[in-house]
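Let's take a walk through a protein chain together. Have the sequence and the 3D view open, and follow along from one spot to the next.

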Amino acid sequence: MSAAVVEGKEIKKDEDDGFDLPKAVIQRIVKSALPDNVQVQKDAKTAINQSAKIFISYLTACANDFAMSANRRTLSGNDVINAMEELEFLDHIPKAKLEAALSAFLADSEQKKKEKKDKEGKDKSKTEGGDGGDQGGAEDDTDEPMPVPDDDELQPSQG
């Protein structure tokens, strides 16, 4: 295992922060940005991976500043878009494209939540009463619990 010395401390490869971006994802992104006839050396891939981690950390810190200035502790997609604008990265990608991607993601998330809720409702009705259809008998639309009989009512009658 290779090691490097940073600020007088020896750091072993891939143990600097415990986080590495998936190499296959980095490879696909790099290949999509370059012509087919260009090769990328292993050290260049490592440098790109480290640079991407630094960019993500920097972008997250800037987005966190936007959230904190709005007295929130949760980052939103708009905080990230505002951070991209603040860091002047919107020169490379239109803000409208980021906002469209965020809107599509939010719509997809809402649809999945709705489908999950509908599925849970169907599963619940199956466990409570079969297929959820009319079982005959009296219909009870209240959510009140059924009355519990007294102990006297449970005792066999003597007589």
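## The chain as a whole

Take the contacts in the protein chain with a separation of 6 or more: 33% of them are between residues 24 or more positions apart. Keep in mind that this is a predicted model.

What does the chain contain? There are five helices and two strands, and starting at the N terminus the elements run β-β-α-α-α-α-α. Of the 159 residues, 9% count as buried.

Let's zoom in on Asn49, which sits in helix α2, residues 42-69. Is Asn49 buried or exposed? Its relative accessibility is 6%, so it counts as buried, the cut-off being under 20%.

Now look for its partner. The side chain of Asn49 reaches the backbone oxygen of Leu21 at 3.3 Å. In sequence Leu21 and Asn49 are 28 residues apart, yet in space their C-alpha atoms are 6.6 Å apart. Leaving aside neighbours within four places in sequence, Asn49 is in contact with Asp20, Leu21, Lys23 and Ile26.

Leu21 itself is in the loop between β2 (9-12) and α1. With 24% relative accessibility, Leu21 counts as partly exposed. If you again skip the neighbours within four places in sequence, the contacts of Leu21 are Ile26, Asn49, Ala52, Lys53 and Ile56.

Which elements each supply at least two residues of its lining? They are α1 (23-33) and α2.

Sort them by type and you get eleven nonpolar, one polar and no charged.

How open are the two residues? Phe55 counts as partly exposed at 29% relative accessibility, and Phe89 is also partly exposed, with a relative accessible area of 28%.

## Two residues with a positive phi

Here's one for your backbone-angle notes. Most residues other than glycine have a negative phi. Asn71 is not a glycine, but it has a positive phi of about 55 degrees. You'll find Asn71 in the loop between α2 and α3, where it is exposed, with a relative accessible area of 74%.

Glu88 is another case: it isn't a glycine either, and its phi is positive at about 65 degrees. Glu88 lies in the loop between α3 and α4, and at 56% relative accessibility it counts as exposed.

Key:
Residues are numbered from 1 along each chain as its sequence is written. This is a predicted model: local features need pLDDT of at least 70, side-chain atom pairs count only at pLDDT 80 or more; totals for chains, interfaces and linings use all residues. Side-chain values use heavy atoms; hydrogens and water are left out. Helices (H or I, at least four residues) and strands (E, at least two) are DSSP runs, numbered from the N terminus. Buried means under 20% relative accessible area, exposed over 50%, partly exposed in between (1.4 Å probe, protein chains only). A polar contact is a pair of N or O atoms within 3.5 Å; within protein, one must be able to donate a hydrogen and the other to accept it, and residues adjacent in sequence count only if both atoms are side-chain atoms. Contact means heavy atoms within 4.5 Å. Ala, Val, Leu, Ile, Met, Phe, Trp, Tyr, Cys and Pro count as nonpolar, Asp, Glu, Lys and Arg as charged, and the others, Gly among them, as polar.
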